[in-house]
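My entries follow the model.

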Amino acid sequence: MSTLETSKSGPDVEEAPYVTIVLPCYNEQDHVIDEVERITKAMDSSGYTYELVAVDDCSTDDTLARLKEAAPRYPRLRIRAFHRNGGSGTVRRIGTQEARGEIVVWTDADMSYPNERIPELVQILEKDQSIDQVVGARTSEEGSHKLLRVPAKWMIRKIAEMLAGQKIPDLNSGLRAFRKPVARPYLRLLPPGFSCVTTITLSFLMNQHDVYYLPIGYAKRAGKSKFSFVSDAYRYILQVLRMIMYFNPLKVLMPPALWLVGIGLAKGVYDMVRTPFYFPANTVMIFLSGLLIGSVALLADLIVRSRGD
């Protein structure tokens with residue numbers, strides 16, 4: 001676990017805030033204060049009580065120094081400092097675990113998300129108790145590697161929709177608000193990297209928690225992107241499959257099992273007609289592979305249903 005430094009500006013507040021905003025910061029020295037200003041201005045105008053938790057993920061530039069320098073001007077700002085880089089998922093997990101608010105907001109410090117709209121997300125949760133998470137669904141893609149990123153994200157989202165059994169307008173948006181008591185059981189599932197946002201989305205969906213998608217704009221990020229197309233896309237795909245396996249393994253394993261059993265039976269009938277009483281080894285292997293995968297699927301489903309979480 002990363003070691004933390006903690007600093008807090010302003011007087012101690014006895015009453016817990018209604019909203020906690022978790023802001024991961026990694027090498028954002030040129031714009032982090034602009035982002036803090038934008039968020040605090042919007043929240044001050046909203047009337048909601050809040051705290052803004054800025055977590056410096058062991059930046060190699062002056063991000064932490066600039067946060068500390070600006071802290072006296074923002075009484076609702078709390079600063080956390082990691083002594084080693086933990087990744088955005090680790091930042092969000094620890095920030096959520098330590099959040100004092102009933103509503104937790106995740107966003108980024110790179111000026112890409114319309115953080116002035118955070119009160120809108122909170123308001124939706126406040127007015128409709130049946131909704132447990134509000135996701136800012138981006139209407140455009142302005143990230144790096146756009147030509148590769150757009151089709152890759154579309155494919156991953158379609159796989160997630162097929163496995164989750166419902167439409168997902170934006171699987172990995174970094175701007176979202178959710179109820180902390182609902183999210184608490186799923187925090188241990190968060191991976192350390194960018195796919196943490198995919199994880200929290202699928203955790204809610206797979207457990208029948210209502211998720212509302214609010215269309216938002218998406219600007220080109222300030223500074224240098226930390227997203228690596230090959231490694232992060234690979235982790236996204238793995239995390240989608242991992243989450244579906246964790247909550248509903250039959251969705252992943254039973255279709256290929258049934259296909260293999262069906263192909264094995266069909267090929268067995270063909271082989272019997274062509275060469276009576278002789279089954280080639282590949283026919284037996286296809287059929288047995290389907291049976292084995294199906295058995296694993298049923299066993300995994302039994303484990304999931306008896307897990308009690």
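This is a predicted model: local features need pLDDT of at least 70, side-chain atom pairs count only at pLDDT 80 or more; totals for chains, interfaces and linings use all residues.

Residues are numbered from 1 along each chain as its sequence is written, and side-chain values use heavy atoms, with hydrogens and water left out.

H9 (residues 249–274) and H10 (residues 281–306) pack at about 155 degrees, with axes 7 Å apart. H9 is therefore roughly antiparallel to H10 (over 145 degrees). I sorted the residues of their contact into 18 nonpolar, seven polar and three charged.

Next I checked H1 (residues 32–46) and H2 (residues 63–70), whose axes come within 9 Å and cross at roughly 40 degrees. In H1, Val32, Ile33 and Val36 meet Thr63, Arg66, Leu67 and Ala70 of H2 (contact means heavy atoms within 4.5 Å). This contact divides into five nonpolar residues, one polar and one charged.

Then I turned to the nonpolar cores (buried nonpolar residues, under 20% relative accessible area, joined through side-chain atoms within 4.5 Å). The largest has 37 residues, and Val19, Ile21, Met43, Leu67, Val105 and Ile118 have the most contacts inside it. Beyond its neighbours within four places in sequence, Ile118 touches Ile21, Ile39, Met43, Val105, Thr107 and Leu175. A second, separate core of 34 residues includes Ile156, Leu189, Tyr236 and Val240.

Key: Axes are lines fitted to C-alpha atoms, for helices over the stretch in contact, and angles run from 0 to 180 degrees between N-to-C directions. Helices (H or I, at least four residues) and strands (E, at least two) are DSSP runs, numbered from the N terminus. Ala, Val, Leu, Ile, Met, Phe, Trp, Tyr, Cys and Pro count as nonpolar, Asp, Glu, Lys and Arg as charged, and the others, Gly among them, as polar. Angles under 35 degrees count as roughly parallel, over 145 as roughly antiparallel, 65 to 115 as roughly perpendicular and the rest as oblique. Buried means under 20% relative accessible area, exposed over 50%, partly exposed in between (1.4 Å probe, protein chains only).
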